[in-house]
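Colleague: I would like to learn how to read a pocket lining and a few helices. Please start with the terms.

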Amino acid sequence: MRALIVGASGFNGGALADRLLATGHLVRGFVRDPARAAPGLTEVVRGDAVTGAGLDQALDGMDVAFYFVHSLGPSGRRTDERDSQAARRFAAAARSAGLPRAVFLTTLAPPAAVALPPYQRNRLEVERIILTGVPGATAVRAGMVIDAHSRAFRPYLRLVQRLPILPLGPWRTRRVAVVDPGTVTEALLTAATDPALAGLTLDVPASAHPTHEQLLHAVANALGRTLHIVRAPLSNSRLDAALLAALTGETYNFCRYLADTNKHDYTVNPTLSRPLSHLTPHPLHQTLQDTLHHLNNTPTPTTPNTTQ
């Protein structure tokens with residue numbers, strides 16, 4: 001298989017590249033900065049999805065393209081326009097190249113009854129553009145990926161490492177789907193190789209659906225630490241984001257994204273996950289142990305605000 005990874009400098013794109021390369025596939029990466037591309041790629045094309053530069057060259061001769069481009073911060077008008085424009089440029093180039101299959105990795109949707117957070121509106125709009133604009137496209141939605149290099153999980157790990165006492169607002173009771181990186185990679189490969197999944201949106205099966213409080217306690221147990229949580233009756237997204245940024249070293253924009261999304265449950269839709277029912281995610285405790293093993297043996301990189 002000849003596979004293109006659009007946004008090959010991020011964690012998920014790098015994990016997929018490793019899996020494809022290990023099984024003998026040709027893997028081409030599309031990135032703004034080749035120096036940040038995942039190691040070992042067969043080819044690297046420099047370009048920019050927002051302007052469309054380099055997309056035609058990158059898509060030439062490909063069997064499938066995996067699309068990982070997105071901003072990780074609170075969506076504003078400029079961010080939304082950039083993400084939407086990048087998706088439209090990619091869709092147009094994919095149609096022109098006659099790309100047989102495309103797979104878009106995105107986040108789980110919040111409950112249908114709630115008003116969509118700005119970031120989620122952005123993700124769903126990009127999903128719509130790719131599914132309607134690229135024949136043979138599949139959207140794959142995943143929960144929080146538990147890994148030492150996963151940016152969504154890293155703040156939880158750092159909070160437990162740095163604070164024995166942690167105040168949490170009402171969002172502590174919200175549930176979040178968590179999953180090991182290997183299961184996400186296998187879901188992406190299934191979406192790329194099963195023709196029956198073209199045009200569909202899929203949810204990756206979860207390892208567990210803990211509350212945020214339960215997840216933090218699970219991290220503490222894996223680290224062998226005692227964590228005391230103070231249950232605050234109120235919270236404010238801006239204040240939460242500022243405190244989280246100060247405590248973890250993440251950017252305020254990314255922490256604001258977390259604070260906004262954590263107001264709702266993010267769980268797997270059983271109907272959307274049914275086509276991936278053959279996948280068996282690792283249990284949460286095993287995934288956390290694997291994460292700590294990797295953390296102790298490899299440095300954790302600094303991740304920018306976009307995956308491209």
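Modeller: For residue classes, Ala, Val, Leu, Ile, Met, Phe, Trp, Tyr, Cys and Pro count as nonpolar, Asp, Glu, Lys and Arg as charged, and the others, Gly among them, as polar. This is a predicted model, in which local features need pLDDT of at least 70 and side-chain atom pairs count only at pLDDT 80 or more, while totals for chains, interfaces and linings use all residues. Residues are numbered from 1 along each chain as its sequence is written, and side-chain values use heavy atoms, with hydrogens and water left out.

Colleague: By class, what residues does the lining of the second largest pocket have?

Modeller: A pocket is an open set of points on a 1 Å grid over the protein atoms alone, where a 1.4 Å probe fits, with protein on both sides within 12 Å along at least five of seven lines; lining residues have an atom within 4 Å of a point. Here the lining has 20 nonpolar, five polar and three charged residues. The volume, the space filled by probe spheres set on the points, is about 540 Å³ for this second largest pocket. Of its 28 lining residues, P167, L168, G169, W171 and D240 are the closest to the centre.

Colleague: Which helix gives the most to the lining of the second largest pocket?

Modeller: Helices (H or I, at least four residues) and strands (E, at least two) are DSSP runs, numbered from the N terminus. Helix α8 gives the most, with seven residues. At least two residues each come from α5 (154-162), β8 (165-168), α8 (237-248) and α9 (252-261).

Colleague: Is A241 buried or exposed?

Modeller: Buried means under 20% relative accessible area, exposed over 50%, and partly exposed in between (1.4 Å probe, protein chains only). A241, found in helix α8, is buried because its relative accessible area is 0%. Not counting residues up to four places away in sequence, A241 touches Y252, C255, R256 and A259, where contact means heavy atoms within 4.5 Å.

Colleague: How many residues of α5 are buried?

Modeller: Seven of the nine residues of α5 are buried, and the helix is mostly covered. What covers them includes β7 (144-145), β8, α7, α8, α9 and α11.

Colleague: Which residues of α11 are buried?

Modeller: In α11 the buried residues are L284, T287, L288, T291 and L292. They lie on the same side of α11, because they cover an arc of only 135° around the axis, taken from the directions from the helix axis to the C-beta atoms. H285, N296 and N297, on the other side of α11, are exposed. The buried residues of α11 pack against α5, β9 (178-179) and α7 (212-223).
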